[in-house]
Amino acid sequence: MMISCEKAALICNKTQYREATFMEKMKLRLHLFMCKACAGFSSKNAQLTTLCEKAHLKGLSEKEKLKMKQELLKNNQR
């Protein structure tokens, strides 16, 4: 049974973060073989992940997020 494009996109994202199971990866491969639109999405998603890794991007810690939120609220009250 072939998965939907929506499900394929979800698995594609999980795969980029190494969170997809073996069965999900197999279902995705089958879907990508049949659906050229999703194959294009998967390719672009992989390129974006590679660029982000090369840029050494990192997320903010919870403490940094809270500080930024407080600064934004403070600036909006002026």
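This is a predicted model: local features need pLDDT of at least 70, side-chain atom pairs count only at pLDDT 80 or more; totals for chains, interfaces and linings use all residues.
Patches, as I use the word, are made of residues with over 30% relative accessible area and no salt bridge, with like charges joined within 9 Å and nonpolar side chains (Val, Leu, Ile, Met, Phe, Trp, Tyr) within 5 Å. Areas come from Shrake-Rupley with a 1.4 Å probe, and for residues only the protein chains shown count as cover.

Residues are numbered from 1 along each chain as its sequence is written, and side-chain values use heavy atoms, without hydrogens or water.

I looked for a nonpolar surface patch and got Met2, Leu30, Phe33 and Met34, with about 440 Å² of accessible area together. Met2 sits in the segment before helix H1 (5–16); helices are DSSP runs of H or I, at least four residues, numbered from the N terminus. At 40% relative accessibility Met2 is partly exposed (buried is under 20%, exposed over 50%, partly exposed in between).

Next, salt bridges (Lys or Arg side-chain nitrogen within 4 Å of an Asp or Glu carboxyl oxygen). I found four in the whole structure.

One of them pairs Lys14 with Glu24 at 2.8 Å between the closest N and O atoms. Lys14 is in H1 and Glu24 in H2 (residues 22–34), so the pair ties together parts ten residues apart in sequence. Lys14 is partly exposed at 23%, whereas Glu24 is buried at 14%.

I also checked Lys65 and Glu62, which meet at 3.4 Å, N to O. They are three residues apart in H4 (residues 62–76), about one helical turn.

Key:
Helices (H or I, at least four residues) and strands (E, at least two) are DSSP runs, numbered from the N terminus. Buried means under 20% relative accessible area, exposed over 50%, partly exposed in between (1.4 Å probe, protein chains only).
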